[in-house]
Amino acid sequence: MKSCLLCGVGGQGTVLASRIIADAALAKNWFARTAETIGMAQRGGCVVSHVRIGEQVDSPLIPPGKADLIIGFEPGEAVRNLHYLKPDGMVIVCDKAIQPTAAFSSQPYDANEMLIYLQNKISRCHIILCQNIYDACGTLKPLNTALLGAMAQSGMMGLSLENIQNALQKKIKPHLLPINMRALEIGAKSI
């Protein structure tokens with residue numbers, strides 16, 4: 001069984017990404033279980049999605065210290081959820097900070113401090129540069145797809161790029177597929 005925790009801020013496509021992982025696993029005849037915790041606001045609140053896939057999956061919730069992979073759509077959320085990661089786990093994190101609406105401080109935090117912390121704490125930490133996605137796609141909307149490309153390339157979940165491409169074709173509207181396929185490729189190349 002493989003476990004992936006996706007964490008970010010509402011509006012980034014965290015829940016959609018978790019469903020794409022689950023669909024890709026189901027297409028391989030694996031079991032897939034997901035669960036989401038969505039913060040106080042649909043857009044801007046903290047979002048955490050648990051995804052567990054494999055030949056047998058008993059529970060959708062990942063216990064602390066058991067995630068093979070954390071996909072951080074936002075650096076602060078990746079740090080906040082780091083306690084879920086296995087000692088030998090991997091973190092894939094976006095470099096762009098988005099302060100969630102639930103944050104108590106009105107002061108923005110420094111994303112670089114969070115990224116440095118993650119790199120010092122985790123031996124397998126991959127930072128995805130948002131600017132690369134924006135330069136290739138003209139928007140950050142397919143960030144979730146780029147992070148899935150990095151996940152597939154890492155091999156941590158046992159899903160290939162082709163598995164994710166096939167799941168995307170079923171979940172994404174046809175007119176949005178080209179930009180998402182481009183983002184998927186950029187994410188894969190970043191690992």
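# Chat about the sheet and its helices

Modeller: Let's start with β2 and β3: they pair in the antiparallel sense, over eight bridges. Keep in mind that this is a predicted model.

Colleague: Okay, which residue stands opposite Gly54 in β3?

Modeller: That's Phe31. Elsewhere along β3, Val48 has Thr37 standing opposite.

Colleague: And how many bridges join β1 to β3?

Modeller: Eight, and those two strands run antiparallel. One place to look is Val47 in β3, with Gly8 standing opposite.

Colleague: Is β3 mostly covered or mostly open?

Modeller: Mostly covered: nine of its nine residues are buried. Cys46, Val48, His50, Arg52 and Gly54 point one way from the strand, while Val47, Ser49, Val51 and Ile53 point the other way. Both sets are buried.

Colleague: Let me zoom out. What's the strand order in the sheet?

Modeller: The order is β2-β3-β1-β4-β5-β6, six strands in an open sheet with mixed pairing. β2 and β6 (125-128) stand at the edges with a single partner strand each, so one side of each has no neighbour in the sheet. From one strand to the next, the twist averages 15°.

Colleague: Which strands does α5 lie across?

Modeller: It lies across β4 (67-72), β5 (85-94) and β6. Relative to β5, α5 runs at about 140°.

Colleague: I've been looking at Thr145. Where is that one?

Modeller: Thr145 is in helix α5, which covers residues 143-154.

Colleague: Buried or exposed?

Modeller: Thr145 counts as buried, because its relative accessibility is 1% and the cut-off for buried is under 20%. Leaving aside neighbours within four places in sequence, Thr145 is in contact with Leu168, Asn180, Ala183 and Leu184.

Colleague: Changing topic: α1. Why does its length agree with what a helix should span?

Modeller: It has 14 residues, which at 1.5 Å a residue should span 20 Å, and the end C-alpha atoms are 20 Å apart, so the two agree.

Colleague: Which residues of α1 are buried?

Modeller: Thr14, Val15, Ala17, Ser18, Ile20, Ile21, Ala22, Ala24 and Ala25. The buried residues of α1 pack against β1 (2-9), β2 (31-38), β3 (46-54), α5 and α6.

Colleague: How do α1 and α6 cross?

Modeller: The axes of α1 (residues 14-27) and α6 (residues 161-171) come within 8 Å and cross at roughly 115°. It's a right-handed crossing. On the α1 side you have Leu16, Arg19, Ile20, Asp23 and Ala24, meeting Asn163, Ile164, Ala167, Leu168 and Lys171 in α6. Those contact residues divide into six nonpolar, one polar and three charged.

Colleague: And what follows α1?

Modeller: Asn29 follows α1, and its phi is positive, near 65°.

Colleague: Last bit, two single residues. Is Asp58 buried or exposed?

Modeller: Asp58 is exposed, because its relative accessible area is 63% and exposed means over 50%. It lies in the loop between β3 and β4. Its C-alpha atom is separated by 8.2 Å from that of Arg33, 25 residues apart along the chain.

Colleague: And Val9, buried or exposed?

Modeller: Val9 counts as buried, at 3% relative accessibility, and it lies in strand β1. Val9 and Ala97 are 88 residues apart in sequence, with 9.8 Å between them in space, C-alpha to C-alpha.

How values were computed: Residues numbered from 1 in each chain as written. Predicted model: local features only at pLDDT ≥ 70, side-chain atom pairs only at ≥ 80, totals over all residues. Heavy atoms only, no water. Axes fitted to C-alpha atoms, helices over the stretch in contact; angles between N-to-C directions. Helix = DSSP H or I, 4+ residues; strand = E, 2+ residues; numbered from the N terminus. Left-handed = near helix turned anticlockwise from the far one by under 90°. Contact = heavy atoms within 4.5 Å. Nonpolar A, V, L, I, M, F, W, Y, C, P; charged D, E, K, R; others polar. Buried < 20%, exposed > 50% of the residue type's maximum accessible area, 1.4 Å probe, protein only. Expected span 1.5 Å × (residues − 1). Pairing = 2+ DSSP bridges.
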